[in-house]
Structure formats: C-alpha cells, structure tokens
Amino acid sequence: MKQSDRPSGVSSAVQCEAGGGGTHEDVKVDPDERNDGQQKPGSPEINNNKEKTRSKSSKQRHNHKERTADVKLCGEDENLCESVQVKKRRVKDEESPEKHDKNQSSGRKRKKTSSEHEKAEKNKKTKKDGDQEKKKKAEESDKWKWWEEGKSSDTQKWSSLEHKGPYFPPEYEPLPDNICFYYDGQPMKLSPATEEIVTFYAKMLDHEYTSKEVFQNNFFSDWKEEMTKEERKLIKMLSKCDFSQIHKYFVEKSEERKNMTKEEKQVLKEEASRLMEEYGFCLLDGHREKIGNFKLEPPGLFRGRGEHPKMGKLKKRIQPEDVTINCSQDSKIPAPPAGHHWKRVQHDNTVTWLASWLENIHGRPKYIMLNPSSKLKGEKDWQKYETARRLKMKVDSIRKQYRRDWTSREMKSRQRGVAIYFIDKLALRAGNEKDDESADTVGCCSLRVEHITLHRRLDGQEHVVEFDFLGKDSIRYYNKVPVEKQVFKNLKLFIKHKDPEDDLFDRITTVKLNKTLNECMPGLTAKVFRTFNASTTLQDQLNKLTTGGMTVEEKILSYNRANRAVAILCNHQRAAPKTFEKSMQLLQEKAVRNNHSDDGNRRATSSRLDSRVTRCLMLLEKKEKAVQRLSEQLKKLQLQETDREENKVIALGTSKLNYLDPRISVAWCKKHQVPVEKIYNKTQRDKFAWAIDMTDENFQF
DNA sequence: TTAGAGACTTGGAACAATTTTG
DNA sequence: CAAAATTGTTCCAAGTCTCTAA
C-alpha cells in the first residue's frame, strides 16, 4: 500500500507544549497563540480536572463497563456482521527467520564503506593526540559485525557474560562547618543522613518544582522519616526551614567547577575515562561490548513528569545489598564494595541485563543494560524494523478488517476497530491501564470521554474529532481530525450515557487489542504501527522531496523536513529553546528600528540570522543596486528561519533514534551522495552500524 | 481472567562539549 | 577571546508488552 493511501490528516496536528489543561469546549487554537494560550501545569483547571478524574478509581471506571455492556447497537448497519469469532487461540510469536536472508544479500557488497568514512573523518582530526587515535583504531579493527553471523536465538541472549558490576556513586560528603541549615531562624547542625537529604532539596531551590505543594509535602514527609528523633521533634514545618545558605554554597561550587582551568578539567576527564574503561564494558560471547548505564543512579529527590503525585519523594541510595548481579557461571564474579555483599548473583542467559535493583519510589525494577551499539540491542532493533516491514505487506487487509469492525454487531469489535484505526491513522500509543500513583496520562485504549470532542462540522470539514489529552511524559496531544462518517457515528455511540471521566473504549484493553493484532500477523502489536507509519512516512517524504539538482545542503534540508514530518506524526515535542523568545524579541526590535522596505513578515529564530538580516538591510540602504541580490539572500535566510520556526517545538531526535529504519536513511545517503556523517553523528553511527554496513542504495522500506 | 512482576523500548530535560559569533 | 548558540551525551522517567500464578 502506498503512503498516499494511508488515512490522512496527521500532519495537521497542532502541537502544544506539555501541561496544557484540557478544557473541552469548542475552542480553536491558533498556532500563533498557542504559547500564550497554554496552561501552566499547576493551574487550577488542570487540578480540578485531575481531582475529578482521580475521584473515580480505575475500578469504578471499570464498573461502568458493566453499565454499558448491554447498549444495543442501532440496526442500520447491522447486516454486515458475521458470527462472533470463536475465541482466539494464542499464536506463538516466533520472529520469522526471513529477516536475515532478505537483507544480507544486499548488504554484503558495501561492507567497507562505513569504515572508510570514519577514517576520512579521523584524518581531519589529526591535531588531537595520537594516543587516542591509536585506541580508536584498535577498537575499530575488532568491531564485531554480528549482523554477518546467522540469526541468534530469541530466548538465549548470550552464552558467556562477564563484567565488573555497577559503579557506585561516591559517598556523601558533609557540608563544611561554615555552611548551615537554619530552622526558624536558628542555625542547626543536622546528622549526616538528614543533612544529605537537605542538600538534595537545597540544590533544587531555584527550580519550579520546589514551589509545588505536592513536591513539598512529599519531600517533607520522606525527610522526616529519615530524621533522628531529636530532629523530628524540632523540625515541624517546612516553611520554617531555611536552605538558602546551603543553596548558595552549591551555586558557588558549580560556578567554581565551571571556571576550572584546562588542566583541572583534563584531570577530571581522564578520571572519567578511566572509570569508563574499568566499568563501562563487559565481555559478551567473547566480544567487548559497551554498557549503557554502568553508574548506579545516585540518591536524590524524585522528579516525575507533569503532575506526578510522587514528585519530591526521596529516592534512596542503592546499597550493594539491593543489587542483583547477572553474569555467566564460569565468569569472574564482580566484587561487591568492601564489607558488603550482593543481594544475589544469578546466571540467567535468557535476559540481557547485567545488574538490577528495585527502585524505591514505585518499587519497579531497574536494570543495567548494554549500549545501543551492542549486538543485543542492535539485533533487536533490526528485528523491530523487519516486523514493521512485514506489517507493510499486511496492512491493507488489516485496514479492511478494522473498517469491517466499525459496523460489527458487537460493541467490543466496533471499539477495537476504531481504536486500531486511531493507532494506525494517528500513531497513538496503545494506552495501558495505569495505577493512580502516577501522572494522569493516557494513550489510545485509556482515552476517556473528556479527551475528545465531536464536531459535526468544523472549519468547513465534516465529522471532526478534536483530541486533547496528555500522553506519555505528560506531553499534550492536541489534534483536530476529520474521520470517516462511520467512525464518527461509533464515537457518538461510545460516549452515550457516559460521564466525562469514563473510558471511551470501555470494552477493550491493550492486551485484548494486541491479541487481535497478533492473530492478524505474528509479532504485531500496537507499537508496530508507530514504527511502520513513521518509517513509511520518512521513505515517502524522502522520495518526494529529494530531486536531482539539489546541493548537499538542500538535500539535508529535505531530509530534516522528512524527519520533521515523522516527528509531527509521532507528536515528539520539546520545550522551545530558552533563547528562542529572547532572540525573537531582539530581532523584532531591530526590525522596527530598521523599519524599511516591505518585509515585515520576517521572524528571527536566532541572533545569528538576526544579525545577518540586519547587515543585509543596512547594505540595502546604502546600495540600491545590491537590492536584488540581497533580497534573494534574505529569502534564503527566511527559508531557514521558517525551518527553524517550524522546528521550535518539534524534537527530531526521538524519531530518528527509535522509529526510522536506519536503512532508509543510509540508502538515501548513498543514492544521493550525502555523507552519512551529515545525517548521523558518532553515537548514532555506532547504534546503526549494522544498517550502515549492510545497506545499499536500492533499499526501500 | 486478572493482577502483578519483570524486561525491555521510548522519551524529554539537564548537562557538557563544541562551534559560531561579535 | 568571551559569550552565545548549537550539538552531543547522560540521565532516568515512563511507556509497551510478555509471562506467570492464583
């Protein structure tokens, strides 16, 4: 199926920053106003909203499912329904081994290219010490081309694994005597444990977090837990605590650090690389592999995203006694810090992690795992894209199927059909159930009635659904989408007799939905659609936007545009850069000052551009004959500005790293003679080494 | 069937290093 | 050359999805 057949409407998404509170009137959001219009996370509206929501636990919400169970589907489109499918037998999902045959044939011939590029790049950097040079070369020479070996087992992740265990953060260093905590105006010496917790808070003092009540309450109650009896007796109110001297101390310290001499910095750097050398690698099946996060997380205060009910809680220091080590039986078992022991040492080769512990905020496990450049991660990544490509072959019939479901006699089939449609068309996440101990965010299956507004007509379009909800990381999803009439009808049906805080899809869950998907295609789950649609979009856009006579710069611009289309689809947002508004303002001032000629519409996105424009304009004043050339230049700059403007709140990184089959990019680079380095930095090239090595210019997703 | 544990991917912000600009 | 802007890296939170036991 061609991209153009994919349900459209995604690119019209209007994105707003996190924290937008959902009012659900028929409000139009003007892109230019969205910054002003957006709500701060702490605003009353969002709180009200949350309270309402929270007052109904998921259990209660679930009860509603009973209530709606016997809703009758109105007859007009019943006739299509088939007999209820007899229940699903579970299809074991084996990743089909097709993947290797398919790709290696095309991959083999170009094996050399990547290392050639890297060498070329290195030669540029001859100025740096030859020491590192040598190291790099050595590393490169034994880079493990695992993708040239056959497919490895799905269940057994390794046959030998040896490592040094996690690196523990340094012990707490008490404050100097002249730095003090004050309670109720009086200086007070705290026990080291209590003092350490104080420093966590003091360091964050100028962060918005510390002004939030939830944060303060959580912090204070966790802090009290750790106080000595005497301290607890004295310290009764957070508002009487004065951390300002401690805060100042840390500000100065970080200032000092910034002002270190080159030599001092060099020493630190060497120390860090020694650490990396010792703890940063493991030996997996005889190959030295980089670890992703070998440092244990230091203690601190938990900072959730959005309105997290646990923000400010104390994240405790991890002790060796909390840590489970995973390595092979016959390997050198990592030594715990002196006087300590591990919680457990296990030798489970069906998992990929080297160490794990339970984090105390949610009680969930955390892991030390390998770097994305490793075989374990790379192979999985490759497999992910192969699954997405298999979906490409099946998506036609799946789309037919879910459209059929829209008119099913069964409510749950209709809901499932609409949900999969949303997941496919809008790249929504699956939306698992969440407990009430985390921020109130939703995905497709957990959408509530309050998150959509139906418009029979809107802005000249029919059957428009307006989405407004907080998704992963409390990033707001706001979009107005025209949908098929039948979808619209169904949605009206789904929300009938429901309260705003009831589930929109009360008859389905992510598990059931994924089960259905898995029956359509082994390995298919909701998230595959995101990968599939993202990669398809990139491929499509690249094919469309890249034309013959472009310069490399222009091609890269096209690439970024294609990348951006994907980021918009996936709703990947970032906070507008701090300097953005400021430089914008500056430019506008100057524009006013220079108020000459017609181009009132230019907008700066950086002072670099700004100054260039200014310079151009001044010349223009002096030399009339340069007018034409300059205005052309101006146009070009404006183009870049627009580009930047568009990029203001869009983050390209996530899609590039997680959703776009790297082979698309590599093939594009090769086909259009764009050096891969222009598209992928060093880290990215490491992660995608397999793709860079195996892909030729003819690859199409 | 369901809840909970577990393992792995995805995500933006903060921080650090590097490059550009004035 | 210092400051600002940009790019790259680290950090760790927050998702998805599978498996298991009751």
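The following paragraphs describe selected local features of a predicted model.

Because the model is predicted, local features are considered at a pLDDT of at least 70 and side-chain atom pairs only at pLDDT 80 or more, whereas totals for chains, interfaces and linings use all residues. Residues are numbered from 1 along each chain as its sequence is written, chains are lettered from A and ligands numbered from 1 in the order in which they are written, and side-chain values use heavy atoms, with hydrogens and water left out.

An annotated position provides a starting point. The unreviewed UniProt entry places the feature "active site" at Y659; UniProt positions are given in the numbering used here, feature names are shortened, and annotations may be inferred rather than shown by experiment. Y659 is found in the loop between α21 (653-658) and α22 (662-671), where helices (H or I, at least four residues) and strands (E, at least two) are DSSP runs numbered from the N terminus. With a relative accessibility of 15%, Y659 counts as buried, a term that means under 20% relative accessible area, while exposed means over 50% and partly exposed lies in between (1.4 Å probe, protein chains only). When residues up to four places away in sequence are not counted, Y659 touches Y385, R530, T531, A534, S535, H572 and T654, a contact being heavy atoms within 4.5 Å.

The 16 residues of α13 should span 22 Å at 1.5 Å a residue, and its end C-alpha atoms are 22 Å apart, which agrees; the expected span is 1.5 Å times one less than the number of residues. Of these 16 residues, 15 are buried, so that α13 is mostly covered. Just after α13, A427 takes a positive phi of about 55°, although A427 is a residue other than glycine, and A427 is buried with a relative accessible area of 2%. A positive phi of about 60° also occurs at H497, which is not a glycine. H497 lies in the loop between α14 (485-495) and α15 (510-520) and is exposed, with a relative accessible area of 65%.

An open sheet of 3 strands has the order β1-β5-β6 with antiparallel pairing, and its edge strands, β1 (161-162) and β6 (287-290), each pair on one side only. Two strands are taken to pair if DSSP finds at least two bridges between them. Strand β5 (residues 281-284) is joined to β6 by 4 bridges, and the bridge partner of L283 in β6 is R288.

H163 lies in the loop between β1 and β2 (181-183) and is buried, with a relative accessible area of 5%. Its side chain reaches the backbone oxygen of N326 at 2.8 Å, and a polar atom of the H163 side chain lies 3.3 Å from the backbone oxygen of L354. Leaving aside residues up to four places away in sequence, H163 touches F281, C282, I325, N326, C327, K332, P334 and L354.

Among the residues touched by H163 is C327, which is buried with a relative accessible area of 0%. The sulfur of C327 is 11 Å from the closest cysteine sulfur, in C282, which is too far for a bond, and a search of the whole structure finds 0 disulfides, a disulfide being a pair of cysteine sulfur atoms within 2.5 Å. C444 is likewise in no disulfide, the nearest cysteine sulfur, that of C445, being 5.0 Å away, and C444 is buried with a relative accessible area of 0%.

Technical notes. A polar contact is a pair of N or O atoms within 3.5 Å; within protein, one must be able to donate a hydrogen and the other to accept it, and residues adjacent in sequence count only if both atoms are side-chain atoms.
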